[in-house]
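Trainee: I am new to this structure. Could you take me through it with a few questions and answers?

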Amino acid sequence: MEGLPTTTKGDKRWRSKNLQTSKPSLLMAFFSCIAWLYVAGRLWQDAENRTLLANLLKKNMEQRPKVLTVEDKLMVLGCKDLEKRIVEAEMDLTLAKNQGYLKNQLRQSESFSEKKLLAVIGVYTGFGSYLKRQTSRGSWMPRGDALKKLEERGVVVRFVIGRSANRGDSLDRHIDEENHRTKDFFILEGHEEAQEELPKKVKFFFSTAVQNWDAEFYVKVNDNIDIDLEGLIGLLEHRRGQDSAYVGCMKSGEVVSEEGKDWHEPDWWKFGDEKSYFQHASGSLFILSKNLAQYINVNSASLKTYAYDDTSVGSWMMGVKATYIDDNRLCCGSIRQDKVCSLA
C-alpha cells in the first residue's frame with residue numbers, strides 16, 4: 001500500500017475552503033451572463049426599431065407631395081391666362097370698401113345687362129332741385145316707357161342723389177316717393193347729400209355705377225344742363241371701344257386762395273407759385289371710359305378730393321395713362337351750333 005497517495009488532514013481543509021469560495025463566483029458569472037444577454041437583446045430590439053422607423057420616414061418622404069411654385073400651380077390648373085386678369089380680380093375684391101357700394105340690394109331693372117351698354121348718364125341733382133328735374137323730364141330726358149326703350153338701345157339715364165344727413169327724414173321720403181312714381185333715380189345710399197360733399201359724390205357715383213352697370217362710358221352731367229341726347233349718343237358711338245378716354249371741355253384756371261371768395265380752394269398752396277389749376281374737364285359734363293371708372297372704384301378710399309368735383313377728377317386722371325380728349329361739343333356755354341349740351 002506504499003504506492004497509494006495519502007491525504008492529510010490539512011489537504012482536506014484546503015479543498016473544502018476552495019469549493020466554498022467558488023460558489024459565489026459562479027453565481028456572479030451566471031448573473032453577469034444573464035445581464036449581458038438582456039442588454040444585448042435590448043440593443044438588438046432598439047436597432048430593429050430604428051431601422052423600422054427609418055424605413056417609415058423614407059417611405060413618408062417619398063409619398064409627400066411636391067412643393068409647387070405659383071407658376072407650377074398655374075400650369076397644372078391650366079390657368080396661365082389668369083395672370084392677365086389679376087388686376088380685374090383685385091378690382092372685384094374691393095367692391096365693398098366703401099359704405100356706398102351696393103351689394104345684393106339692386107333692383108332687377110338696374111342689374112347688369114347681358115349686352116354691354118353704351119353709356120350710363122348720371123344727372124347730378126339735389127333735394128331742392130325738383131323743378132330742375134321736371135324741366136329735364138319735359139325736355140331731353142325720356143320718361144316711362146321711353147326711358148325703358150332708351151335702355152334697350154344701351155343708354156341708361158338716372159338722376160343721381162345721396163341721402164339726407166338725418167336718415168329717413170322728409171327729404172329722403174320725398175325722394176323715395178318721387179322715385180316710386182318716375183323710377184329714374186340712382187340713389188347713393190352711402191353718400192350724404194350736401195353742397196360741401198359734391199367732390200366725394202363724384203367718387204360714389206363712378207364707383208357704384210361701374211358696379212351696377214357694365215358700360216363703355218360713364219357720363220356725369222349737372223341738372224342745369226340741357227342735352228342733345230341723340231347728339232351725345234352719336235359722340236359716344238364714335239368712340240366705342242376706346243379705353244382710358246377722359247372726354248370733356250378741357251380747361252384750366254386760377255386757383256383762388258383768398259378765403260371767402262367764390263371758388264375758394266382750401267388746398268391752394270399745393271398748386272405752386274403760379275396758383276393755376278392743371279388741365280381738367282369742365283364739371284358741367286364729362287365722360288370717363290370704363291377702365292377709368294374702375295380705377296376710381298378700386299382706389300376710392302385713397303383718392304384725394306379738392307374743393308370741386310371737376311378738379312378732383314382731373315387730379316386723379318393725372319396719375320394714370322388717361323387720354324385727354326378736348327371736345328368743344330361738350331362746352332355747354334359755347335356758341336357752337338353742333339354742341340350737344342347747353343345751359344338750361
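Trainee: Which residues have the most contacts inside the largest nonpolar core?

Mentor: A nonpolar core is a set of buried Ala, Val, Leu, Ile, Met, Phe, Trp, Tyr and Cys residues joined through side-chain atoms within 4.5 Å. Buried means under 20% relative accessible area, exposed over 50%, with a 1.4 Å probe and protein chains only. The largest core has 34 residues, and those with the most contacts are Ile 121, Val 157, Ile 227, Leu 236, Leu 285 and Ile 287.

Trainee: Which helix gives the largest share of this core?

Mentor: Helices are DSSP runs of H or I with at least four residues, strands are runs of E with at least two, and both are numbered from the N terminus. Five core residues, the largest share, come from residues 229–238, helix α8.

Trainee: What can I rely on here?

Mentor: This is a predicted model: local features need pLDDT of at least 70, side-chain atom pairs count only at pLDDT 80 or more, and totals for chains, interfaces and linings use all residues. Residues are numbered from 1 along each chain as its sequence is written, and side-chain values use heavy atoms, without hydrogens and water.

Trainee: Which residue of β8 is the bridge partner of Val 247?

Mentor: Strands pair if DSSP finds at least two bridges between them. β6 and β8 (residues 323–326) have four, in the parallel sense. The partner of Val 247 is Ile 325.
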